[in-house]
Protein chains: 2
Amino acid sequence: MLSKKCKYAIHALVYLAERYQQGPVHIQDIAEQQHIPKKFLEAILLELRNAKILHSKKGKGGGYYLYRKPEDVNLIEIMRLMDGAIAMLPCVSLNYYEPCEECRDERNCGIRDVFIGVRDETLKILSESTLAQILERQKGTRRV
Amino acid sequence: MLSKKCKYAIHALVYLAERYQQGPVHIQDIAEQQHIPKKFLEAILLELRNAKILHSKKGKGGGYYLYRKPEDVNLIEIMRLMDGAIAMLPCVSLNYYEPCEECRDERNCGIRDVFIGVRDETLKILSESTLAQILERQKGTRRV
DNA sequence: CCTATAATCTATAAAATCTATAGACTAAAA
DNA sequence: TTTTAGTCTATAGATTTTATAGATTATAGG
């Protein structure tokens with residue numbers, strides 16, 4: 001399961017993608033519209049900013065806005081940033097690899113093979129899923 | 001990520017599958033060989049027993065053993081039992097469905113669509129992955 | 001029947017992680 | 001120079017995960 005943090009991040013980014021190139025958006029605005037605790041959202045946006053997904057502007061008329069084009073931000077990157085590994089086992093993770101404590105012969109582990117398969121399918125779908133694609137799918141149903 | 005509990009369960013089950021129809025196996029034996037805290041393992045095996053995946057025998061010569069054939073126990077069932085939902089979002093879970101707090105129009109949620117895709121691919125792989133299949137894959141490399 | 005064995009049950013403790021909030025600080029605009 | 005709005009540090013509260021202790025019950029074998 002995704003953490004709330006990660007879900008908040010995705011919702012906030014979709015919200016900002018809907019407003020791409022329309023100037024900065026207040027944290028407050030995002031928080032209210034998406035029902036995210038403001039202080040929690042602050043930390044999330046800051047992290048997305050440090051990852052060069054968002055930019056921000058301080059002071060009056062300030063706020064957050066997408067740094068990249070919506071088609072250049074995919075769910076993999078967001079999820080890794082917020083929740084860490086995508087894989088279901090550490091010994092199978094590409095970005096957060098750790099050997100399993102339990103198993104001695106990783107290369108011949110039947111369990112591991114299964115989760116390599118799951119990982120690959122998951123990565124495939126998530127890397128194709130960009131903010132642009134998400135917007136596209138819900139076109140005609142845009143709220144707000 | 002799978003919880004330790006779930007990983008322990010899978011390892012214990014593979015261990016028992018290797019000893020299918022060879023009589024009961026002590027908790028102690030499984031715990032030592034698979035490096036699982038015994039008391040923790042007790043609780044896990046009990047849960048697997050209640051789910052009719054394992055059977056047990058008390059007293060001298062007792063222990064745990066697979067109730068079903070190794071080809072009739074897949075990872076989906078084990079993971080659901082140990083960790084709950086497989087899906088990454090509650091609004092996408094088949095067995096543990098809950099509506100998302102954040103979104104108002106579930107049927108047109110672009111985010112949801114993505115995770116339905118991930119769920120389907122994951123379920124497909126995991127439901128095909130049985131204890132028998134795991135054993136088969138690591139044949140010739142059997143430890144112990 | 002008695003004893004040793006091994007699973008079962010109840011309760012709880014320790015650790016880790018996730019979620020949320022408070023308040024002081026800094027930069028920018030008007 | 002005042003107001004606005006993001007930044008930073010610190011911490012608190014809640015929940016979940018992981019692990020352990022100890023008493024109880026069932027079974028086999030003598």
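Gln21(A) lies in the loop between H1 and H2 of chain A, and it makes a handy starting point for a tour of this predicted model. Helices (H or I, at least four residues) and strands (E, at least two) are DSSP runs, numbered from the N terminus. Local features need pLDDT of at least 70 and side-chain atom pairs count only at pLDDT 80 or more, while totals for chains, interfaces and linings use all residues of this predicted model. Residues are numbered from 1 along each chain as its sequence is written, with chains lettered from A and ligands numbered from 1 in the order in which they are written.

- Gln21(A) has a positive phi of about 65° although it is not a glycine.
- Is Gln21(A) buried or exposed? Gln21(A) is exposed, with 8 other C-beta atoms within 10 Å. A residue is called buried if 20 or more other C-beta atoms lie within 10 Å of its own, exposed if 12 or fewer, and partly exposed in between, with C-beta atoms placed from the backbone.
- In chain B, Gln21(B) sits in the loop between H1 and H2, and its phi is near 65°, a positive value in a residue other than glycine.
- Gln21(B) is exposed, with 8 other C-beta atoms within 10 Å.

**Chain A as a whole**

- Six helices and two strands make up the elements of chain A, and from the N terminus on they run α-α-α-β-β-α-α-α.
- Along the principal axes, the C-alpha atoms of chain A fill a box of roughly 60 × 30 × 25 Å.
- Chain A has 144 residues, and 35% of them are buried.
- Among the contacts in chain A with a separation of 6 or more, 59% join residues 24 or more positions apart. Two residues are in contact if their C-beta atoms, placed from the backbone, lie within 7 Å.

**How the two chains meet**

- The contact between the chains takes 35 residues from chain B and 35 residues from chain A.
- On the chain B side, helix H1 (4-18), helix H5 (110-128) and helix H6 (131-137) each supply at least two residues. The largest share, ten residues, comes from H5(B).
- By class, the side of chain B that touches chain A has 16 nonpolar, ten polar and nine charged residues. Here Ala, Val, Leu, Ile, Met, Phe, Trp, Tyr, Cys and Pro count as nonpolar, Asp, Glu, Lys and Arg as charged, and the others, Gly among them, as polar.
- Chain B superposes on chain A by a rotation of 180° with 0.0 Å of shift along its axis (RMSD 0.0 Å). That is the relation of a two-fold axis. The superposition is by least squares on the C-alpha atoms of residues with pLDDT of at least 70 in both copies.
- The same surface serves both copies, as 100% of the contact residues of chain B recur in chain A.
- Which residue of chain B comes closest to the rotation axis? Glu121(B) does, at 3.4 Å (C-alpha).

**Around the DNA strands**

- DNA strand C has 25 residues around it, and Ser3(A), Lys4(A), Pro37(A), Lys39(A) and Gly59(A) come nearest. A residue is near a molecule or strand if its C-beta atom, placed from the backbone, lies within 6 Å of it.
- H3(B) gives the largest share of the surface near DNA strand C, four residues. That surface divides into seven nonpolar, nine polar and nine charged residues.
- DNA strand D is surrounded by 24 residues, the closest being Ser3(B), Lys4(B), Pro37(B), Lys39(B) and Gly59(B).
- For DNA strand D, H3(A) gives the most to the nearby surface, with four residues. The classes there are six nonpolar, nine polar and nine charged.

**The hairpin of chain B**

- Strand E1 (residues 54-57) of chain B and E2(B) pair in the antiparallel sense over four bridges. Strands pair if DSSP finds at least two bridges between them.
- Leu54(B) stands opposite Leu66(B) in E2(B).
- Five residues lie between the strands of this hairpin, in which Gly59(B) takes a positive phi near 75°.

**The core**

- The largest nonpolar core has 80 residues, of which Ala9(A), Ala12(A), Leu13(A), Ala9(B), Ala12(B) and Leu13(B) touch the most other members. A nonpolar core is a set of buried Ala, Val, Leu, Ile, Met, Phe, Trp, Tyr and Cys residues joined through C-beta atoms within 7 Å.
- Not counting residues up to four places away in sequence, Ala12(B) touches Ile30(B), Gln34(B), Ile36(B), Leu41(B), Ile44(B) and Leu45(B).
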